[in-house]
Amino acid sequence: MPEFLLDGRSVPFEPGQTVMEAAIAAGIYIPHLCWHPAFEPHGSCKLCTVDIDGRPASACTRPAEAGMQVTSGSEALRRLRLRLTQMLFVEGNHFCPSCEKSGDCELQAMGYYLGMTDNHYPHFYPRRELDASHPDILLDRDRCIFCELCVRASRKEGKSVFALAGRGPQTRLVINSPSGRLGDSELDAGDEAAGICPVGAIVRRNTAYRVPIGQRRYDLAGIDEESLARERPLLGRADGPTED
Amino acid sequence: MPDATEIARDAIARHGTAPVQLLAVLHEIQRRYHGIPRAAMEVVARAFGRSVAEVEGVIGFYSFLHERPHGEYAISFSDCPVDRFLGQDELIERLCRQLGVAPGQVRDDGRVSVETTSCTGLCDQGPALLVNGRAIPALDPGRIDTIAGLIEQRRPLEQWPGAWFRVEHGIRHPGPLLEAPEQPGKALELALELGPAGVLERIERSGLRGRGGAGYPTALKWRYCREAPGEHHVVCNADEGEPGTFKDRELLRLRTGDLVEGMTLAAFVTGAREGFLYLRAEYGFLAAELEQHIAERRSAGLLGHTILGREGFDFDLHLVTGAGAYVCGEESALLNSIEGRRGTPRNRPPYPVTAGLWGRPTVVNNVESYIAACRIVLQGAEWFTRHGTERSRGTKLLSISGDCARPGIYELPFGTPVGEVLELCDAGEPVGVQVGGPSGTFIAPPEFARRIAYEDLSTGGAFMVFGPDRDPVAIAAQFSHFFAHESCGFCTPCRVGTALQQRLMERICGGRGTVADLQELEQLAGLMRQASHCGLGHTAANPVSDTLARYPEYYQARLQGAALQPQPGRPPADSRKEVARDA
Amino acid sequence: MDRPKIRIATTSLAGCFGCHMSFLDIDERLLELTRMADFDRSPLTDIKQLGRCDIGIIEGGVCNAENVEVLRQFRERCTHLVAIGACAINGGIPALRNRYPLEACLEEAYLRGEGLHQPAIPDDPELPPLLEKVLPVHEVVQVDYTIPGCPPSADAIWSVLCALLAGREPELPRPLIHYD
């Protein structure tokens, strides 16, 4: 098997694998929010920015090549990722104390992982529309980070319930239904798209407090451990990235 | 007025439902209904086999398409520092006052809307506006008053003075590329003699590099594409959106033959049978002429089947008009746009030469590059290498605008120093020059000996001159607004970073900035450069970091000693007044 | 040789005093703290005028002109400024009003809300004017340290104070910044 170097460790990879896939499969965590092993890589959150042979690159979209020198664990990259995470916090309305996703939220867990203690930047406090029209699923756009995991999951399920509209800071999640409301869409609570949101933007109703605070996913483990434990087994396949 | 769904069906019947026609269909609905309501989206979505949400996503991405109807007369003023120098703000205010409409709003009766849009490529003859997509340059207060009158009388555009819509060519300094007469079909005849390898060899020997500014060797691009298996495409990037650039506007009119022939040569080399010319929406007024030219070449046997009688040499060309998105100048975003999607840049690798349009190997070059390729085949590599420098062969077209006596288009050999350009256009003693537009380099007088060349000041062609009384901080602030407006929103660093940068610059211009804000701007610039997804984000901080480095005293003068002064909210009006409670 | 004692001031701007309550939860360690430090202006001392201090602790965001004045004074007179709790750091619950115009909030609360007697928007001249938006502390003055949480735990507060008193850079390991 060909190999590349990641923070000084040899990482084997199957041709076609990305740097991210090879790293996770080898048990090395590279921070990410928009990447998920079950879907084609997106490359938008940029949390997985690494240094490859002296140049920045997204680990989730860059195909692995033999002999690459990849740096992920530097202090400079931790700082970069911290700033990106803080950007995601200030552009939306993320109030952990009043969010039911607290403890299960990947954005919050990323904050913990990167040692974030403030938001650093000025807050945008945008006004975004809440959609409570669905009996089983709530869409709170205040918390959306535009990772498009719901878009990808729903497309894969053949429903294509979600899409992004707008541009730049006005980007927003829209719904495929005649009224544009979630309640009129084909989304079911059992759909993968209803449960894939890494933050609290799309949540299944009446499930929020089944697991009490203190016993939730990231109460028990850091996002690095949790991510490896959950995603590594899903990388049995050697699917290459598919260009959308 | 027919209802929106009827218009949608009509547009679909006219344009068909191939993915490349989606923007054309949406444009037509927008033009006739002034907006694209949900009912029309549903009709379009069904016809194109897309979801309504996807169609909504496409509409929302482009500045010239809207769900909410715009005015029957939709007016967009070109928002560019150079247009502003020429009194743009006063003209907008004047028109809005006369029409009784607020900027960015539609008048209550739906008659008119007035807004601003990114630079429309008429800086050499501004201030300029677009009315329902048609350009009117050289505005002055008198013309604004007449426009207001015509709108109040509801006169159709066809009855407006035709001379208003005339865009001057503005060629100030032609060189070898602009002076050589067109010889339709001649380069193709030569190509048939040389064969694809011979053509490639000639272009390779000329050292031609992409004229968009990135400078990738054209021959290499064509070769990689040629070697990639499968069906191929040839695409021309005529999405000249860099503020301060307008030379393609004239090349598309004056060198149409060379352009199409250059694309046909690329097709000959790569074996592509289908090509697309992606025209920026702001240049929509050129579309009819271009279509006509393409049709004429088809009749002359220079496009279509069996070109010049050569069996198997088939290549046809289609025009796709964009819809107002600077980011579509990025080649992979442009390809998405041609495919009828949101114009977000793709992940690379793979590059378009191996996986472009519909995943097929695609050559993407800009207008000037194809024209140069055509002339090189016609006149030989040596003719081309006679001009320019070792690493930057040939000539470069510059779009010169701003504070100079002779704005317009200049063709100059690569290697020309900035100082010489300034003399040619009679610029006096400027405070600085933005070379290559906001994504390029903002240089100060001590650097005027620097040269226009890939190895020094690389440029897609913009050359904006700022006179001694201009404030570089204010200009950088305007450009930061431009980038925040044009960021596609795909990646975090650019989506949030450009918005943060804009806020910080506003704060500094408002006299509320601090030293910490200047440091933050520098850090933000580094972050966007390092982590952004595409060139837009990589360069979005250039005007700010260039001016920070060169004009620190202008920034210092703007800072205030004390910390930020938060704006108290307005005191509630009539707070004493008792109001009956809702039942 | 006795060094002069460290002086600490605290205040709550647009907050709920929950962070101060959590501060009191350091319990008997308060005694230890008073051996090392004196309190200047603070709800604990009821001193109204702020003197020169080493450490200023700010709870709550900035929602009115008085908050701005107090915060600026803290920044001016305190060598180290510590923002404590969600409201100071991101505006918190009071900032939920930021997506609505101020007037709409006031009308909703004082004119249209349920159970109002003689509805009127208060306009006593003694009331400080409200800001259009509730701002986190760092958007008004430079902040040196932050202790996140809603509220931060007593241990987190104690840990940062101990570090500052000892002249160390405070560090907040994951268990101490972990919400809930």
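The model is predicted.

**Chain A against chain C**

Chains A and C touch. On the chain A side, 19 residues take part, in contact with 23 residues of chain C. The chain A side holds eight nonpolar, nine polar and two charged residues.

**Domains of chain B**

The domain assignment of chain B gives the following bounds.

| Domain of chain B | Residues |
|---|---|
| domain 1 | 4–61 |
| domain 2 | 73–160 |
| domain 3 | 173–385 |
| domain 4 | 395–466 |
| domain 5 | 472–558 |

Take domain 3 and domain 4 of chain B. Their C-alpha centres lie 26 Å apart. The two domains also touch: 18 residues of domain 3 of chain B are in contact with 21 residues of domain 4 of chain B. Which helices supply at least two residues each to the domain 3 side? They are helix 8 (176–179) and helix 11 (247–254) of chain B. Helix 8 of chain B gives the most, with three residues. By class, the side of domain 3 that touches domain 4 has six nonpolar, seven polar and five charged residues.

**A three-stranded sheet in chain A**

Chain A contains an open sheet of three strands, in the order 6-7-10. The pairing is antiparallel. Strand 6 (130–131) and strand 10 (202–204) of chain A are the edge strands. Each has a single partner strand, so one side of each lacks a neighbour in the sheet. Strand 6 of chain A pairs with strand 7 (residues 137–140) of chain A over two bridges. Within this pair, Leu130(A) has Asp140(A) of strand 7 as its bridge partner. In general, strands of a sheet pair through backbone hydrogen bonds, either parallel or antiparallel.

**Helix 14 of chain B**

Is helix 14 (residues 331–338) of chain B enclosed or open? Eight of its eight residues are buried, so helix 14 is largely enclosed by the rest of the structure. Buried here means that 20 or more other C-beta atoms lie within 10 Å of the residue's own. The buried set includes the nonpolar residues Ala333(B), Leu334(B), Leu335(B) and Ile338(B). Glu331(B), Ser332(B), Asn336(B) and Ser337(B) are buried as well.

What do these buried residues pack against? Their neighbours are four strands of chain B: strand 6 (233–238), strand 7 (274–279), strand 8 (316–321) and strand 9 (362–366). Just after helix 14 of chain B comes Gly340(B), with a positive phi of about 80°.

Notes. Residues numbered from 1 in each chain as written. Chains lettered and ligands numbered in written order. Predicted model: local features only at pLDDT ≥ 70, side-chain atom pairs only at ≥ 80, totals over all residues. Contact = placed C-beta atoms within 7 Å. Domains from an automatic or database assignment. Pairing = 2+ DSSP bridges. Buried ≥ 20, exposed ≤ 12 C-beta atoms within 10 Å, placed from the backbone.
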